[in-house]
Amino acid sequence: MIPTTDVVSNGTPAGWRTVPFWSLFRREKKTGFPDEELLSVYRDYGVIPKSSRDDNHNKESEDLSGYQLVTEGALVTNKMKAWQGSIAVSRYHGIVSPAYYVYTPQSDECDQFLHYLLRSDPYIGLYGRISKGVRVNQWDLEHEALRNIPVLLPDLATQRQIADFLDRETARIDLLIEKKQRLVALLGERQKVLVEELLGGVDASHVHRLKFAIRRIEQGWSPQCEDVKVEGERWGVLKLGAITTGVYLEEQHKALPEVIEPIPSLRVRVGDVLVARASGSPKLVGKAAFVETSNLNLMLSDKHFRLVPNLRKVLPEYLAVVINSGKSRNQIEDRLSSAEGMARNIGQSVIYGLRCPFPPIAAQQKILNAVRSSRAITDALVFNSVASIDRLKEYRSALITAAVTGQIDVTTYAKSGTPDRRLDAIQEEMSA
């Protein structure tokens, strides 16, 4: 078994015990339940129905008979993302991907305590250290490694006290986070409404196809791998033109610190208007960005267009605002919805064909000034809200770790009023 000090530096707390993971859970793989609800494991939310969120773009198989059955109380982990926290006790009955590990409980320990413990920061750090892999951010936590980790356990009554305490306190924190997230969303919607009102005020005689305002569209290179031999050895390197990538020696799994510089003609420049041609996130397809930051060592990929505007007819930043407007978005969504198969990309003809308002340059500048002024206020409010959300999440993680590793006595900690003071302090700090 892995030493307990690999999880907590002070070892097992007084009055607690340590047992191996394999004594608490047994891996099971039950398939043949294609009609059960499809579940997914999230770092922030644990095991939840996949249909409850719209940000998971992994496409399930057409045949779900090979998916694994999950019962309430089972532990589920995404072995490729356990080091990010994708491990949780399920409160649902359903099925998960064959790539996951499903563990059935083999003890009478409090499963909600184990849920918090195995998702706490010390354990997530341990998963990262014992996972294997040669590609950054793609490390596997194999079953044999997981089954030998030490699990810290107080007596059953204390486990339940800790679980109840964390249920109450994390619910309070999550409610505050949710309120701030709603505020961020509301601020974003308010900014969108302003843009629509400004663009809606442009006379219809100035509405043209986007081809009217641009000279050409450029597309980046695809960074697929090509095999190259160096001194008799087989190397896999990204195509010349890809950026910030090491050269990888396949036989020895060795990464060398070499960087391939971007091709000058495809380098991203200040003032560029970029449009996402394709993306893993459907909501990003067709989105535009105006590049304001200098010193970017970036190159256009095959998933992006660069629009070269006719400066006599359109301001580059205004062009990005117009493409991201609601009316343009509706036109793009119409084309995406009519695409055959699973294609989530757009061609140059879609961009050229967008009908957009292009008033005289002076009017465009006036609209831009109003958008910038409103955005400055919105960005400041969003920045403070996001910073507050991050602080609340940090406090939540720290509180869980302190409770499940015996650093605090939850019965006295709650009565002391410390949780209230900590939350008040975070609120005051972010409001200052």
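This is a predicted model: local features need pLDDT of at least 70, side-chain atom pairs count only at pLDDT 80 or more; totals for chains, interfaces and linings use all residues.
Residues are numbered from 1 along each chain as its sequence is written, and side-chain values use heavy atoms, with hydrogens and water left out. Local features need pLDDT of at least 70 and side-chain atom pairs count only at pLDDT 80 or more, while totals for chains, interfaces and linings use all residues.

**Overall**

The protein chain holds 10 helices and 22 strands; helices (H or I, at least four residues) and strands (E, at least two) are DSSP runs, numbered from the N terminus. Of its 432 residues, 43% are buried. Here buried means under 20% relative accessible area, exposed over 50%, and partly exposed in between, with a 1.4 Å probe and protein chains only. Among contacts (heavy atoms within 4.5 Å) with a separation of 6 or more, 73% join residues 24 or more positions apart.

**Cores**

A nonpolar core is a set of buried Ala, Val, Leu, Ile, Met, Phe, Trp, Tyr and Cys residues joined through side-chain atoms within 4.5 Å. The largest one has 50 residues, and those with the most contacts inside it include F21, Y123, I149 and V151. Helix α8 (residues 361-404) gives this core its largest share, 8 residues. A second, separate core of 32 residues includes V195, V273, L307 and F358.

F21 sits in the loop between β1 (17-20) and β2 and is buried, with a relative accessible area of 1%. Leaving aside neighbours within four places in sequence, F21 contacts L75, Y103, L118, L146, R147, I149 and V151. The C-alpha atoms of F21 and M1 are 8.9 Å apart, at 20 residues apart in sequence.

Two strands pair if DSSP finds at least two bridges between them. The pairings are listed below.

| Strand pair | Bridges | Sense |
|---|---|---|
| β2 and β9 | 3 bridges | antiparallel |
| β6 and β9 | 4 bridges | antiparallel |
| β6 and β7 | 3 bridges | antiparallel |

R26 stands opposite T104 in β9. T77 has Y101 in β9 as its bridge partner, and V76 stands opposite A88 in β7. Both faces of β6 are covered: L75 and T77 on one side, and V76 and N78 on the other, are all buried.

**Helix α6**

Helix α6 (residues 326-337) has 12 residues and should span 16 Å at 1.5 Å a residue; its end C-alpha atoms are 16 Å apart, which agrees. The expected span is 1.5 Å times one less than the number of residues. Its buried residues are S328, R329, I332 and L336. Seen down the axis of α6, these fall within an arc of 100°, so they line one face of the helix; the arc is that of the directions from the helix axis to the C-beta atoms. An α-helix has 3.6 residues a turn, so residues three or four places apart point the same way. The face turned away from the buried side of α6 carries the exposed residues K327, D334 and S337. The cover over the buried residues of α6 includes α5 (316-323) and β22 (355-357).
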